[in-house]
Amino acid sequence: ESNYNQYSVEWVPSFDDGLIRLRNQDADVFLVDHNLGAKTGLDLLDEVQMSESRKPAILLTGANDLNIDIAAIEKGAAFFLRKGQIGSDHLLERTIIYAIKTAQEFNKIRLMERLKAKVELAELATRSKSLFLANISHEIRTPLGAILGFSDMTLDLPDVTAEARNFVQVIKRNADHLLIIVNDLLDVSKIEAGKFDVTVEPCDWRSVVN
């Protein structure tokens with residue numbers, strides 16, 4: 001008997017069927033009767049854990065019992081209605097509309113909170129990675145400096161054989177390559193930390209492009 005909207009209403013015949021429909025979340029709103037025989041609507045809400053769901057549920061009860069009303073909200077119902085009030089001033093339809101709108105806004109807020117948490121987690125991971133890169137780069141530079149220094153000292157010795165000199169030059173050349181990689185890692189961590197300094201200087205752009 002809706003005055004404002006056209007609803008497609010489907011009746012669910014049993015407690016177990018109600019569990020399936022609530023878990024599948026395949027309706028915009030659920031009207032849950034409190035009196036379900038051996039079990040109650042509160043048992044149904046409790047098993048489905050409506051507080052974790054995406055769609056609202058409204059508990060319908062014939063009892064004028066404040067404890068039932070409070071328990072319904074605690075178990076995740078969006079609203080409760082006493083059956084004697086349903087026919088007055090389109091209260092049921094107004095409650096349905098309000099429940100759906102409230103759930104939609106709640107889900108928007110929850111989605112934004114989840115996105116914010118993911119962004120914060122990603123930023124934390126980036127900071128951790130940058131810190132790791134900076135630390136490991138500094139740790140590598142220390143022994144690398146010793147390798148380069150002693151390679152130069154060895155090459156300056158007067159009695160180094162030609163074969164040994166070739167070996168040391170290979171060591172020094174690869175250490176230089178490794179130093180470039182380490183410096184690049186440091187640059188990456190500086191860029192991510194917003195501390196990268198750009199140096200402006202003349203260059204042969206053709207050789208850079210090549």
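The model is predicted: local features need pLDDT of at least 70, side-chain atom pairs count only at pLDDT 80 or more, and totals for chains, interfaces and linings use all residues. Residues are numbered from 1 along each chain as its sequence is written, and side-chain values use heavy atoms, with hydrogens and water left out.

Start with α3, residues 66-74. Helices here are DSSP runs of H or I with at least four residues, strands are runs of E with at least two, and both are numbered from the N terminus. At the start of α3, a side-chain oxygen of Asp-65 comes to within 2.9 Å of the backbone nitrogen of Asn-67. After α3 comes Gly-76, with a positive phi near 105 degrees.

An α-helix has 3.6 residues a turn, so residues three or four places apart point the same way. The cover over the buried residues includes α2 (41-48), β4 (57-61) and β5 (79-82). The face turned away carries Leu-66, Asn-67 and Glu-74, which are exposed (over 50%).

Phe-132, Ile-136, Ile-140, Leu-178 and Ile-181 make a nonpolar patch of about 420 Å². The elements giving two or more residues to this patch are α4 (91-155) and α5 (162-192). α4 gives the most, with three residues. Ile-136 is found in α4.

Methods. Patch = residues over 30% accessible without salt bridge, like charges linked within 9 Å, V, L, I, M, F, W, Y side chains within 5 Å. Areas by Shrake-Rupley, 256 points an atom, 1.4 Å probe, with all protein chains shown as cover. Salt bridge = Lys/Arg side-chain N within 4 Å of Asp/Glu carboxyl O. Buried < 20%, exposed > 50% of the residue type's maximum accessible area, 1.4 Å probe, protein only. Contact = heavy atoms within 4.5 Å. Polar contact = N/O pair within 3.5 Å; in protein donor to acceptor, adjacent residues only side chain to side chain.
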